[in-house]
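Good morning, and thank you for coming.

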Amino acid sequence: MPDYLLKNACVIDPVNHISQEIMDIAIVDGRIAEEPSKNSEVIDCGGMLVLPGGIDSHTHICGTKVNFGRYMSPEDMRAGRAPRGRGMRAVSGYSIPTTYGNSYRYAQMGYTTLTEGAMAPLEARHTHEEFRHTPLQDGLILTLFDGDWGVMRAIGAGDIKRAAALIAWRLNAVKGYGVKVTNPLGAEMWSWGKNVECIRKPIPFFDISPAEFITGVIEANEMLGLPHSVHLHCNNLGKPGNYTCTLGTMGLVKDLNEKRQTAYLTHVQFHSYGGSGWGDFCSKAEPVSRMVNLRPQITIDMGQVMFGRTTTMTADGPMEFNLYRLHQDKWSNHDVELETASGVIPVMYRRKNLVNSIMWAIGLELALLVENPWQCLLTTDNPNGAPFVKYPEIIGLLMSREYRDKEFATIHAGTAKRVVLPSLDREMTFDEIAVMTRAGQARALGLLERGKGHLGVGAEADIAVYPIRPDKIDPAKQYAEVIRGFGQTRYTFKGGVMISRDDEILAGSQNRMFWCSPKVPKAYDMDNDPELIRTFERFYSIQKENYPVDENYYIARSMKIETETKL
Amino acid sequence: MRRITLIMRDSIDPHLPIEAEVITPETLSKTVLVNVYVGNQKMMLSEVFDIRVDGEAAGPAATEIVIIGDASRVKRVGEYMTDGRIVVEGSIGMHCGDFMTGGTIEIMGDAGDWLGREMLGGKIICHGNAGNYCGSGYRGGRKGVRGGEIFVKGDVGDYCGECLFGGVVHVMGSAGLHAGVNMKGGKLIIEGNAVMPCGDMFAGECTIFGHVDDFMPTFAEVGKVVENGRELTVFTGDLAHRNGKGTLRVGSYTRI
């Protein structure tokens, strides 16, 4: 592996309090070093913006639902086609590209770590197989626990330790990184063709309310000492008036961890809706972001919607059914045996549609109203809000009021009365963008300790060099250059390997899979738990022995993280 | 006027498909030194066909391409064609005339599947039969043929005129299953019979002079007309769709 010396880099590294400093960065043996080695290859960065490698804390790029999106949208495969060449395989697809397409596009945008936001445990093998073929990024997989019967029963019985033990067993079995809870208990209700209303009403058969479930899972998560907090997709996604439910959920979160947030609320844009129906639908980004500002234990991501064609996919089955009834287009729905549910539908967000225009505005409002950028991360919930290739445009919108106003003039005229976006003056700096796309994401995911999200000595050399001269341009005016610059790096390094240069891909097979294995005491080892065995025998279509993902067979390079637990 | 005659060589393995999107007046009016794929092998056009060129090139409009021999494995002939004329003396393979916007393709024999899919203009005349998806859209696409004219003297396979959006598809023989399914405009004329036509029709006009078997119960009868000396029953639909405004006229029918 060659060593590198990046000269004259304009570095932004929020973790180490470096802000637009011209300096040299030495890469030795895949890590950032104090001094360059003797035979380092020197690269002149000529004042270009140098950031730690991008991290996406919530995206959907692997697994059965993504693949089902591909099946059902052959028209999406016709877009984004590129022939083999410049180090790349032939790829196709726009909102749900092939795994290689995802990997190349992310690499060219400077991203080196991706978090698959939702994996049904029963379908873990497929997810790992797809990650194996996403060659240029490290992977983290969040595992769904929203309809897990064992965890629901344990929390219902007040036995948080048992819930934690079950979570630990399952994370270990499916090689998951963290706990994802989607529309808590909604999947179970969806099995009966229903949904939960909000967080307070207990569901039948289990006699547990979403609120109890959420607090129980958060407690169990902290008990297991997992690097990431509970990754929470609140109830009532996409329903007018759901912001009250979101605020109520935020109110449940206690401050339990000093290193990071206690709950990560994902795609909050979809959860900040006011009004009582689509007729008086409006933005409630203000109360939601005020709540975030008051509660440092919460981190959110935007879930920004951008106009155009995309595909929505979520474990929130009932929500997708409602969306299907709205659009009358294609719909796929899936119930995963006592674990979770899912739905996939293609959508088109239109500028001329009032609801879509308001949705677009809400995401931006959240980012601009949350004062601390460490608490609001930049995502589109790819591909639900928009494909990730729209990130540079979102950065442009956040950095330039002029660009926002220009875009605002092109959307539905009725939007202005329902949102506060036109009154927001904030224009983000490069430093804040670096937090929202890297440092903040690394902290939220618990990856700072693993040398990601910063450029301090000893950190993994995940580096993105963007052809932007921060000292020469004013992003508020020259937003077009910002968008172009963030769209394609000059160089992207992953673990010290140059994976892309301009539009060329230079490496393959750099991917590693991070997963967590909490060290539970023998008494809480669920492997021989009679109830778990009985659950598999009675209700599952496969046996417990067939369930775990084989580390050697399914994972390209395994990064096991053992955590100390408080069980 | 420039005439390019392509005579299929016998030496080519008859089991391998040939990808020949270069066979259009635009390309061949300039040069015949172009590549085609035979299976996974890149070959010169002259290795696959004996080429004879008569006359001077004066742009695609004054160019005629004549294909002689069994070209039923030659795919994508006349794709994106804008002008000029292609004559196929025998049969032609799949995807002939995809996306074409102008000019004429005349096929003396049979045509393969996807004849003139997503066509925008121009004219295709097929003297034999055409395969499945004649004058249709492509997988997952919402707009099929948007303009132009496809005329088939024989029969067509399944899904003829699927997602038809504009233009005319005229079949003198019979159609297979699901002709005119998802139609959103244009005109589909079938002089023979059809089975289960026009499901999920949005708009457009479909006329089937022969017998129609087993079509959707979501079409409402609105009256009768006489056309070309035949009495036709007129239906509107597909009412399963929210705004079904299509017109389906059939000679005779059986419904289950």
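**Cavities, cores and chain B**

In chain A, strand E17 contributes the most to the lining of the largest cavity, with 3 residues. Strands here are DSSP runs of E with at least two residues, helices are runs of H or I with at least four, and both are numbered from the N terminus. A cavity is a set of points on a 1 Å grid over the protein atoms alone where a 1.4 Å probe fits but cannot get out, and lining residues have an atom within 4 Å of a point.

Please note that this is a predicted model, in which local features need pLDDT of at least 70 and side-chain atom pairs count only at pLDDT 80 or more, while totals for chains, interfaces and linings use all residues. Residues are numbered from 1 along each chain as its sequence is written, chains are lettered from A and ligands numbered from 1 in the order in which they are written, and side-chain values use heavy atoms, without hydrogens and water.

How many cavities of 30 Å³ or more does the structure hold? There are 5. Of its 17 lining residues, A:Thr64, A:Lys65, A:Ala118, A:Ala120 and A:Glu123 are the closest to the centre.

The second largest cavity has about 90 Å³ of space. Among the residues that line it are A:Asp148, A:Trp149, A:Arg162 and A:Tyr540. Helices H5 (149-156), H6 (160-174) and H17 (530-539) of chain A each give two or more residues to this lining.

I turn now to the cores. A nonpolar core is a set of buried Ala, Val, Leu, Ile, Met, Phe, Trp, Tyr and Cys residues joined through side-chain atoms within 4.5 Å; buried means under 20% relative accessible area, with a 1.4 Å probe and protein chains only. The largest such core has 142 residues, and A:Ile300, A:Trp360, A:Leu398 and A:Phe486 have the most contacts inside it. A second, separate core of 60 residues includes B:Val77 and B:Cys96.

Finally, chain B has 2 helices and 18 strands. Its radius of gyration, taken over C-alpha atoms, is 19 Å, close to the 18 Å that the globule rule (2.2 Å times the number of residues to the power 0.38) gives for 256 residues, so chain B is as compact as a globular protein of that length. Of those 256 residues, 51% count as buried.

Key
On a 1 Å grid over the protein atoms alone, a cavity is a set of points where a 1.4 Å probe fits but cannot get out, and a pocket is an open set with protein on both sides within 12 Å along at least five of seven lines; lining residues have an atom within 4 Å of a point. Grid points are joined across faces, edges and corners, and a volume is the space filled by probe spheres set on the points. Buried means under 20% relative accessible area, exposed over 50%, partly exposed in between (1.4 Å probe, protein chains only).
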